[in-house]
Amino acid sequence: RFALRMLAKRPGFTILAVICLSLGIGASAAIFSVVNGVLLKPLPFPDAGRLIAYGTTKNGGPLNSISAPDFVDLRAGTTKAELGLYGDDEFSLRNGDAAVQLRGARVSSNLFHVLGVQPLLGSAPSREDELPNRGYEVVISYGAWQRLFNRDPKIINRQVRLDATDYSVIGVMPRGFTFPIRSVEVDAWVPLTLAGDSSFAEQRGAHSWTGVARLAAGATTAQATLEMKSVAAKLEALYPSTNHNRSVASRDLQDSIVKGARRSL
């Protein structure tokens, strides 16, 4: 009662104190929400602790991107983890008389299996979809399905025009799924051509793709990395012009995603 009488006698001080406390509590709660969502909360994938990011390193430097031919060889020679590959892209969707820009990605056929998420409708790409002349296929997000196609239940096998090329929709991902994790949701995923193309071997020096992998049951990050390093050493001997002093490194996927924000948060 005494405290309440004192506060009532000094309304200016009381209002200022309440405002300061409110701002402090609100700011603390907001910062904690961001830290919890970015740094503490697991990634939105099943058993996300087994997901790692991997890539090449030059002379022991930082983790870098990887070329498509190197990925194919690493995937074939690695048993301690299932390796996937992806890269950001954008597509122009012809929707009636207008063109709509879609945020997308080009991915290895097994990317969704690596992440542990299957389409809500239809199916994910298969290994055969990595071959040339297989036709063009696309998996779309739930948001794109809802926004652009009015949740058409017959969307599977429907032809859509992306960048002046006809694609067949083979799957719709569950609500809320997005990958790569960016500030803008990804709308479409297109399978990469990873074999049989006459120009594919020439891409070994084009390190422009990002690797993500899921550790096998009972395997550790160190074991998977050691196995990939062994393959990388063989590739260095076979292709010295593109792979000289180039090895492989990996790190926890969540740590790789938030590394730029961790210190500031």
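Me: Which residues line the second largest cavity?

Reply: Rolling a probe the size of a water molecule over the atoms shows where empty space is left. In this predicted model, the second largest cavity is lined by Thr56, Asp70, Leu74, Ala232, Leu235, Asn243, Arg246, Ser247 and Val248. About 40 Å³ of space lies in this second largest cavity.

Me: Which elements each supply at least two residues of that lining, and which one has the largest share?

Reply: Helix H3 (68–77), helix H6 (221–238) and strand E10 (246–252) each supply at least two residues to the second largest cavity. The largest share, 3 residues, is that of E10.

Me: How does the lining of the second largest cavity divide by class?

Reply: The lining of the second largest cavity has 4 nonpolar, 3 polar and 2 charged residues.

Me: H3 and H6 both contribute to that lining. How is the packing of two helices described?

Reply: Two packed helices are described by the angle between their axes and the distance between the axes. Here the axes of H3 and H6 come within 9 Å and cross at roughly 130°. H3 is therefore oblique to H6. The crossing of the two helices is right-handed.

Me: Which residues make the contact between H3 and H6?

Reply: On the H3 side the contact is made by Asp70, Asp73, Leu74 and Gly77, and on the H6 side by Glu227, Met228, Val231, Ala232 and Leu235. By class, the contact of H3 with H6 has 5 nonpolar, 1 polar and 3 charged residues. Asp70, Leu74, Ala232 and Leu235 take part in this contact and also line the second largest cavity.

Me: How many cavities of 30 Å³ or more are there, and what is the volume of the largest cavity?

Reply: The count comes to 2 cavities of 30 Å³ or more. The largest cavity has a volume of about 50 Å³. Strand E5 (137–140), helix H5 (142–149) and strand E6 (159–162) are the elements that give two or more residues to its lining. H5 provides the largest share, 3 residues.

Me: Which residues line the largest cavity, and how do they divide by class?

Reply: The lining of the largest cavity consists of Leu93, Leu102, Val138, Ile140, Ala144, Leu148, Phe149, Val160, Leu162 and Ala188. These divide into 10 nonpolar, no polar and no charged residues.

Me: Let us turn to pockets. What is the volume of the largest pocket, and which residues lie nearest its centre?

Reply: The largest pocket has a volume of about 310 Å³. Of the 18 residues that line the largest pocket, Ala53, Tyr86, Thr210, Ser256 and Lys259 lie nearest its centre. Strand E1 (51–58), strand E9 (210–215) and helix H8 (253–262) each supply at least two lining residues, and H8 gives the most, with 4 residues. The lining of the largest pocket divides into 10 nonpolar, 5 polar and 3 charged residues.

Me: What is the volume of the second largest pocket, and which lining residues are closest to its centre?

Reply: The volume of the second largest pocket is about 270 Å³. Its lining has 14 residues, and the closest to its centre are Gly135, Tyr136, Val190, Pro191 and Thr193. By class, the lining of the second largest pocket has 7 nonpolar, 3 polar and 4 charged residues.

Technical notes: Residues are numbered from 1 along each chain as its sequence is written. This is a predicted model: local features need pLDDT of at least 70, side-chain atom pairs count only at pLDDT 80 or more; totals for chains, interfaces and linings use all residues. Side-chain values use heavy atoms; hydrogens and water are left out. On a 1 Å grid over the protein atoms alone, a cavity is a set of points where a 1.4 Å probe fits but cannot get out, and a pocket is an open set with protein on both sides within 12 Å along at least five of seven lines; lining residues have an atom within 4 Å of a point. Grid points are joined across faces, edges and corners, and a volume is the space filled by probe spheres set on the points. Ala, Val, Leu, Ile, Met, Phe, Trp, Tyr, Cys and Pro count as nonpolar, Asp, Glu, Lys and Arg as charged, and the others, Gly among them, as polar. Axes are lines fitted to C-alpha atoms, for helices over the stretch in contact, and angles run from 0 to 180 degrees between N-to-C directions. Angles under 35 degrees count as roughly parallel, over 145 as roughly antiparallel, 65 to 115 as roughly perpendicular and the rest as oblique. A crossing is left-handed if the near helix is turned anticlockwise from the far one by less than a right angle, and right-handed if clockwise. Contact means heavy atoms within 4.5 Å.
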